[in-house]
Amino acid sequence: MIQRTGVTAGAAALAAAGLSTPATAAPATQAPDFLPLPEHAKPFPIPAEGYRLEPVGDNGYVVSAGVAQGYFFVTRTGVVMLDAPVAVAEFLPLAVKRVTDKPVTHVILTHDHDDHIAGATKFPEAKYVSHKMTAELLRMYTDPDRPVPDVTFSGKHHRLTVGGERFELIYPGANHEHGNIIVHLPRQKIAMMSDVVAPGWAPYLHYGNADHIPGILKAMDAVLELDFEIFLGGHTYRIGDRHDVEVCRAFFVDQWNWTVQAMKDIPLDLSVVEAGNLWAAQAVWFNRIADHVTPRLVTKYGKELAAVDAFTHDNVKAIIVSSFTDDPNIPADALK
């Protein structure tokens with residue numbers, strides 16, 4: 001969780017990037033060699049204001065600092081915000097004022113995670129909108145920086161129309177988080193979904209603490225069923241497009257299929273550890289599988305997806321567990 005007050009200079013720098021740091025850092029160690037970032041994934045210079053403001057569509061804007069992104073759209077009657085990330089929270093009201101004097105009337109909360117919505121209270125007069133599951137989680141947290149929504153919906157679809165702009169809210173089922181929704185602006189051919197696809201980048205550690213890893217594939221498929229040209233993913237340094245979603249889907253399918261196949265090809269050997277220590281035997285087995293799968297993924301995607309060598313080894317192990325607990329029988333035609 002991002003430290004909101006009293007951060008050190010190092011913590012502040014990480015917070016600006018949408019990350020966090022412990023209060024007392026461990027001694028520095030030699031960093032391993034990582035693949036260079038592809039050109040399309042490199043950061044842009046940050047202006048003196050401390051954030052970037054760039055147009056998207058014909059009445060939308062991206063507010064970014066580090067790898068955090070928030071979005072807003074100006075309608076005839078007011079402004080609709082899509083998430084309010086804590087890393088850009090202080091900039092969001094300033095960014096809105098740079099382009100319009102209309103009030104922010106709605107803040108759509110895509111899911112409950114602090115890094116995406118803990119700036120929502122910058123707009124206390126707005127209506128907060130989310131899926132019912134997100135509202136239930138926020139009630140449990142009782143976090144003053146993450147307000148409980150005023151407007152919720154259950155099921156798979158809700159239409160919000162503000163000032164002539166239509167926002168289709170779509171719930172594809174549990175994925176990165178229960179309640180995490182797609183926001184589709186059909187007139188502008190824009191699709192937004194946080195933390196499922198990071199345009200140009202390989203998945204974050206454990207798919208961002210995902211609730212249901214197989215649901216990430218279903219969420220990507222739900223996005224690809226829509227008519228869109230621009231994709232907004234909540235993170236990284238640029239906006240995305242349909243190709244970004246397609247590449248991340250292909251990566252997921254390869255990672256899942258190759259991991260499941262390696263689980264069949266590489267036996268679990270109980271003899272390598274003390275008798276009865278199943279945890280240790282599985283740790284050895286998981287690492288052998290990840291050691292086998294990771295280089296294949298790095299070779300295939302290393303020039304197209306940034307940081308594919310950073311978390312893939314850990315994510316292979318997450319898929320091992322997910323494959324025999326979450327969904328061991330994903331239909332073969334869904335994994336093509």
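Axes here are lines fitted to C-alpha atoms, for helices over the stretch in contact, and angles run from 0 to 180 degrees between N-to-C directions. The model is predicted.

Helix α8 covers residues 278-301 and helix α9 residues 312-325. Their axes lie 8 Å apart, at an angle of about 120 degrees. Angles of 65 to 115 degrees count as roughly perpendicular and those over 145 as roughly antiparallel, so α8 is oblique to α9. The crossing is right-handed.

From α8, the contact draws on Phe286, Asn287, Ile289, Ala290, Asp291, Val293, Thr294 and Leu297. From α9 come Thr312, His313, Val316, Lys317, Ile320, Val321 and Phe324. By class, 9 of the contact residues are nonpolar, 4 polar and 2 charged.

Helix α7 has 24 residues, 242-265. At 1.5 Å a residue, α7 should span 34 Å. The end C-alpha atoms are 35 Å apart, which agrees.

Asp241 sits at the start of α7. One of its side-chain oxygens comes within 3.1 Å of the backbone nitrogen of His243.

## α6 against α7

Helix α6 spans residues 213-224. Its axis and that of α7 come within 10 Å and cross at roughly 150 degrees. The cut-off for roughly antiparallel is over 145 degrees, and α6 and α7 therefore fall in that class. Their crossing is left-handed.

On the α6 side, the contact residues are Ile213, Pro214, Ile216, Leu217, Met220, Asp221, Val223 and Leu224. They meet Arg242, Val245, Glu246, Cys248, Arg249, Phe252, Val253 and Trp256 of α7. This contact has 12 nonpolar and 4 charged residues, with no polar ones.

## α7 against α9

The axes of α7 and α9 come within 9 Å. They cross at roughly 70 degrees, which makes α7 roughly perpendicular to α9. This crossing is right-handed.

α7 contributes Phe251, Gln255, Trp256, Thr259, Val260 and Met263. α9 contributes Thr312, Asn315, Val316, Ile319, Ile320, Ser322, Ser323 and Phe324. The contact divides into 8 nonpolar and 6 polar residues, with no charged ones.

## Shared residues

How values were computed:
Residues numbered from 1 in each chain as written. Predicted model: local features only at pLDDT ≥ 70, side-chain atom pairs only at ≥ 80, totals over all residues. Heavy atoms only, no water. Helix = DSSP H or I, 4+ residues; strand = E, 2+ residues; numbered from the N terminus. Expected span 1.5 Å × (residues − 1). Polar contact = N/O pair within 3.5 Å; in protein donor to acceptor, adjacent residues only side chain to side chain. Parallel < 35°, antiparallel > 145°, perpendicular 65-115°, else oblique. Left-handed = near helix turned anticlockwise from the far one by under 90°. Contact = heavy atoms within 4.5 Å. Nonpolar A, V, L, I, M, F, W, Y, C, P; charged D, E, K, R; others polar.
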